[in-house]
Amino acid sequence: MARGMLSGMAKKSAHDDPLAPVTLAVGQEDLLLDRAVQEVVAAARAADADTDVRDLTSDQLQPGTLAELTSPSLFAERKVVVVRNAQDLSADTIKDVKAYFGAPAEEITLVLLHAGGVKGKGLLDAARKVGAREVACPKMTKPADRLAFVRSEFRVTGRSATPEACQALVDSIGSDLRELASAVTQLVADVEGTIDGAVVGRYYTGRAEASSFEVADRAVEGRAAEALEALRWSLSTGVAPVLITSALAQGVRAIGKLSSARGGRPADLARELGMPPWKIDRVRQQMRGWTPDGVAEALRAVAVADAGVKGGGDDPEYALEKAVVVIARAARSRGRG
């Protein structure tokens with residue numbers, strides 16, 4: 001397929017066809033990026049249940065790798081090639097990708113996840129020039145954006161929720177889009193009729209305790225500033241420090257378990273590790289950047305914090321802050337060298 005054909009397909013159908021030769025997901029909102037990938041994979045598997053999905057980080061796509069992945073197959077199988085953090089690709093690999101735009105392979109969909117911004121902008125520009133299908137995945141930093149997201153989630157399900165209910169959900173759960181989406185799914189499954197503020201209140205009274213897991217999630221993702229902000233909010237709303245150390249320990253142990261497990265489907269790993277399948281997917285996202293030494297360092301920090309909050313230290317808040325900083329740093333240990 002020549003370059004002109006790719007451009008032609010883009011103008012005709014790329015914006016509404018998940019099986020366009022190239023999909024470009026741009027932004028830094030992890031949930032939206034994952035959904036962009038899931039949409040393409042679902043469409044591919046609807047067309048061919050045996051679709052082969054290759055999900056790669058930028059460091060796994062070396063010069064020549066794309067050519068190998070997209071070379072003709074004896075069985076002409078459909079394939080989806082996902083490249084995460086495409087802005088971090090090496091210059092030589094970017095040349096490979098740009099060349100691929102000129103002659104995309106039949107039955108193959110390339111999905112590039114790009115943070116946007118200046119870094120790797122040449123790749124963005126090249127993909128847009130040939131008319132790649134583009135999905136916007138912006139970070140939702142404003143409460144109004146998260147409120148609009150919740151309204152949209154209810155709308156997609158075909159269910160009605162009052163403005164008060166949507167606002168109460170955002171106020172109760174906070175900034176984590178995955179948690180917001182999960183809450184909408186739970187409410188829709190459990191509640192008949194219109195979902196109002198009173199229903200949300202019944203479900204999420206005591207939500208402050210669950211905020212300990214937000215602290216842990218942000219820490220194991222290496223987002224120190226956000227983890228510290230969540231920690232201070234949790235403590236200010238009365239969350240027991242011991243709940244936070246427990247959540248931190250669970251978060252780090254999950255990273256360690258999954259990083260040492262053999263690859264496999266989420267359902268198989270869930271049985272092996274004793275985690276629900278949705279958590280396998282989340283931990284896979286969180287474990288990028290971790291090393292075995294980083295996990296060991298983080299577990300030591302949690303043990304010290306645990307002793308501190310159980311009477312071994314004079315300042316439980318400081319013990320927790322120190323643990324959060326150490327865990328976030330350990331989450332970025334790969335590549336520090």
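At what angle do the axes of helix 7 (residues 163-173) and helix 8 (residues 177-190) cross? They cross at roughly 130° and come within 10 Å; here axes are lines fitted to C-alpha atoms, for helices over the stretch in contact, and angles run from 0 to 180 degrees between N-to-C directions. Helices are DSSP runs of H or I with at least four residues, numbered from the N terminus.

Before going on, please keep in mind that this is a predicted model, in which local features need pLDDT of at least 70 and side-chain atom pairs count only at pLDDT 80 or more, while totals for chains, interfaces and linings use all residues. Residues are numbered from 1 along each chain as its sequence is written, and side-chain values use heavy atoms, with hydrogens and water left out.

Back to our pair: helix 7 and helix 8 are oblique to each other, a label for angles that are not under 35 degrees (roughly parallel), over 145 (roughly antiparallel) or 65 to 115 (roughly perpendicular). From helix 7, Leu169, Val170 and Ile173 meet Glu179, Leu180, Ala183, Val184 and Leu187 of helix 8, contact meaning heavy atoms within 4.5 Å. By class, this contact has seven nonpolar, no polar and one charged residues.

Now let us turn to helix 10 (residues 207-220), where Glu214 and Arg218 sit four residues apart, separated by about one helical turn. These two form a salt bridge, with the closest N and O atoms 4.0 Å apart; the term asks for a side-chain nitrogen of Lys or Arg within 4 Å of a carboxyl oxygen of Asp or Glu. Both Glu214 and Arg218 are buried, meaning under 20% relative accessible area, with exposed being over 50% and partly exposed in between (1.4 Å probe, protein chains only). Glu221 pairs with Arg223 in another salt bridge, at 2.7 Å between the closest N and O atoms, and both of these residues are buried as well. Shared partners join Asp176, Glu214, Arg218, Glu221, Arg223 and Glu226 into one salt-bridge network.

Helix 10 also holds Ser212, which is buried at 2% relative accessibility. Leaving aside residues up to four places away in sequence, Ser212 touches Ser234, Val239, Leu243, Ile244 and Ala247.

One more charged pair is worth a look. Arg54 forms a salt bridge with Asp52, their closest N and O atoms being 2.9 Å apart. Arg54 is partly exposed, at 33% relative accessible area, whereas Asp52 is buried, at 18%. The count for the model comes to 17 salt bridges.

Note on methods
Helices (H or I, at least four residues) and strands (E, at least two) are DSSP runs, numbered from the N terminus. Ala, Val, Leu, Ile, Met, Phe, Trp, Tyr, Cys and Pro count as nonpolar, Asp, Glu, Lys and Arg as charged, and the others, Gly among them, as polar.
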